[in-house]
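Colleague: Could you take me through one part of this model in some detail? I'd like to know which pieces pack against each other and what kinds of residues do the packing.

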Amino acid sequence: MDLGQILQQAAHAAQAFTPNSTPVVELIAPWVRSLTLSAPARWLPVLAEHAACAHKAGTRRCGARAVVACVACGRRICLSHALVGADANGVCHDCVTDVASRKSPRQVERKELRAEPVRPKAEPARRGSAAFEGIEPALQSAYETLGCMPSDTDDEVEHAYNVRMKFATNKADKALLVKSFERIAKSRV
Ligand SMILES: [Zn+2]
Ligand SMILES: [Zn+2]
């Protein structure tokens, strides 16, 4: 989107009114102003790292240019995989999904694992973890896709699946979630 398109859309927003006749632009403008002021200081250092977005769906990594550091886990992520506030701070989709699907203290442990620096290939810490002992690799990666553990209840697995489906942005991600959920369900019958 070029600047002309952005201004055109802003002009469109400026003509809209809330039910009590406040121009919508009055609500948006302070947020945009704050973001515009805060973004350079927060984002330029991350942009200078030339890092690829750390968001992963299953084994597929996003790889778009990282712009913002997640305030929760510290990983570098692109703007499509971040929820950004007016102060230009962002939280990555994975951390948001973790929080949204959190039900037990066990899941806090998982978040700490994820907060480690992103490893180039497989994730040895999680793959080697005792929680997955005796679990076949395909089933383990199904659990990892949903962010669940074999010790989670059926309800917890289903809840994690539903939350991740809500956040899935494309067909391939959704297909992977469905496949993982089915694999886990089958292993539990
Ligand atoms: Zn991304
Ligand atoms: Zn994060």
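**The helix H7 packing**

Modeller: Helix H7 (residues 154–167) and helix H8 (residues 171–188) have axes that come within 10 Å and cross at roughly 175 degrees (lines fitted to C-alpha atoms over the stretch in contact, with angles from 0 to 180 degrees between N-to-C directions). H7 is therefore roughly antiparallel to H8 (over 145 degrees). This is a predicted model, where local features need pLDDT of at least 70 and side-chain atom pairs 80 or more, while totals for chains, interfaces and linings use all residues. Residues count from 1 along each chain as its sequence is written, with chains lettered from A and ligands numbered from 1 in written order.

From H7, Asp 154, Val 157, Tyr 161, Arg 164 and Met 165 meet Lys 174, Leu 177, Phe 181, Ile 184 and Arg 188 of H8 (C-beta atoms, placed from the backbone, within 7 Å). That contact of H7 with H8 has 6 nonpolar, no polar and 4 charged residues.

H7 also has helix H3 (residues 93–101) beside it: their axes come within 9 Å and cross at roughly 145 degrees. Here His 93, Thr 97, Ala 100 and Ser 101 of H3 touch His 159, Ala 160, Val 163, Arg 164 and Phe 167 of H7. By class, the contact of H3 with H7 divides into 4 nonpolar, 4 polar and 1 charged.

Of its contacts with a separation of 6 or more, 39% join residues 24 or more positions apart.

Technical notes
Two residues are in contact if their C-beta atoms, placed from the backbone, lie within 7 Å. Helices (H or I, at least four residues) and strands (E, at least two) are DSSP runs, numbered from the N terminus. Angles under 35 degrees count as roughly parallel, over 145 as roughly antiparallel, 65 to 115 as roughly perpendicular and the rest as oblique. Ala, Val, Leu, Ile, Met, Phe, Trp, Tyr, Cys and Pro count as nonpolar, Asp, Glu, Lys and Arg as charged, and the others, Gly among them, as polar.
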